[in-house]
Amino acid sequence: MSLDSLDHVFTRNQPDTDPVLKLPDVIVAKYPATPDPKKRTILIYGHYDVQPEGEGWTHSAWKLTEADGKLYGRGSTDDKGPVLAWLNALEAYQKAAVDVPVNLLFCFEGMEESGSVGFSEFAQKHKDLFTNVNAACISDNYWLTTRKPCLTYGLRGVNYFTITIAQKPLPGHKPVPLHSGIYGGTVHEPMTELVIMLSKLADSKGNIQVPGIDGLVDTVTPDEIAQYQDINFNMDEFSNTIGSEAAIYATAKDTLMHRWRYPSTHAPMEIPLYHDPRHQRRGSQPKSYNIHLPEGDWEVLRPNSANHGR
């Protein structure tokens, strides 16, 4: 294929030890080599890094294997398979001597599974590569079922916050781990305050309780509701996929609307590890807890008993 390739390796200081971290290449390629100014330009984003092997494989994670009409291997769906599918599609156009109706700009990175470290710097430094892009397509999404392809034409987007709740030290002091058997019930514990705060973010139906967030969501129209009626989505299959009875909604329409159009919140916990064996042995209370929350115009909800904290 006639592809003009541009690649770049970034270095970035790593926290604490400050070594230079050599990151994988960001590969950018365009087709045709000289874009047609009369055509729109579509950016194709993908990534070639994958998650660790993990457990439960019935075939080798590192050797692509075809069995029972399926392809097994780490990255077969996320995201090496979709990346290759784009290249195969372009090759098919060429072999059939059919003109591609748009200009294509490919951008493949190798750090997506690690938070896309360095990618923002790459895009800023080489933003001239993306100035003529009319639309972007990501190759990292899922079908609703295993039987019918699904074309995703929009995403809710993801934003992140990091919130730290810690003991407020006295002037000239630093917070220290406290023994739960001695101080439990006498001091405000960061974990307890964090749980109280999280309990106010959403109700039992997953509706975010942050004031004003509903005003940022488009009003549902009758035409939109009608679109959900013919979507091939089965709640029994959904339950089998998640492997539990944790589904909030009983109908496909409500489930899909909350999966696609309504905002949601997710709070993965990041608990610090203490290497002092004395603290670990005594079950001490950590000084603080961190939590990652979706970005937005959040209002900090603080229980009355936590006025001393931050």
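A search of the whole structure, which is a predicted model, returned one cavity of 30 Å³ or more. The space in this largest cavity amounts to about 50 Å³. Its lining comprises 11 residues, and those closest to the cavity centre are Leu 23, Pro 24, Val 26, Met 111 and Val 117. By residue class, the lining of the largest cavity contains seven nonpolar, two polar and two charged residues.

The volume of the second largest pocket is about 1,600 Å³. A total of 42 residues line the second largest pocket, with Thr 77, Pro 82, Asn 141, Tyr 142 and Trp 143 nearest its centre. Several secondary-structure elements contribute at least two residues each to this lining, namely strand 7 (70-72), helix 1 (80-95), strand 9 (135-138) and helix 6 (235-242). The lining of the second largest pocket is made up of 20 nonpolar, 15 polar and seven charged residues.

On the surface, a nonpolar patch is formed by Ile 182, Tyr 183 and Val 187. The accessible area of these residues together is about 270 Å². Ile 182 belongs to helix 3, which spans residues 180-183. The relative accessible area of Ile 182 is 59%, so this residue is classed as exposed, the cut-off for that class being over 50%.

Two cis peptide bonds are described here. One joins Tyr 31 and Pro 32, with omega at about 0°. Pro 32 is located in the loop that runs between strand 4 (26-31) and strand 5. The other cis bond links Asp 78 to Asp 79, and omega is about 10° in this case. Asp 79 is part of the loop between strand 7 and helix 1.

Asp 78 also features in a pairing across the sequence. The C-alpha atoms of Gln 51 and Asp 78 are 8.7 Å apart in space, while the two residues are separated by 27 residues in sequence. Gln 51 sits in the loop between strand 5 (41-47) and strand 6 (65-67). With a relative accessible area of 37%, Gln 51 is partly exposed, because that class covers values between the buried limit of under 20% and the exposed limit of over 50%.

In Asp 68, phi is near 55°. Asp 68 is placed in the loop between strand 6 and strand 7. The relative accessibility of Asp 68 is 77%, and the residue therefore counts as exposed. Ser 116 likewise has a positive phi, of about 55°, without being a glycine. At a relative accessible area of 23%, Ser 116 is partly exposed, since a buried residue would have to fall under 20%.

Notes. Residues numbered from 1 in each chain as written. Predicted model: local features only at pLDDT ≥ 70, side-chain atom pairs only at ≥ 80, totals over all residues. Heavy atoms only, no water. 1 Å grid on protein atoms, 1.4 Å probe; cavity = no way out; pocket = protein on both sides within 12 Å on 5 of 7 lines; lining within 4 Å. Points joined across faces, edges and corners; volume = space filled by probe spheres on them. Nonpolar A, V, L, I, M, F, W, Y, C, P; charged D, E, K, R; others polar. Patch = residues over 30% accessible without salt bridge, like charges linked within 9 Å, V, L, I, M, F, W, Y side chains within 5 Å. Areas by Shrake-Rupley, 256 points an atom, 1.4 Å probe, with all protein chains shown as cover. Salt bridge = Lys/Arg side-chain N within 4 Å of Asp/Glu carboxyl O. Helix = DSSP H or I, 4+ residues; strand = E, 2+ residues; numbered from the N terminus. Buried < 20%, exposed > 50% of the residue type's maximum accessible area, 1.4 Å probe, protein only.
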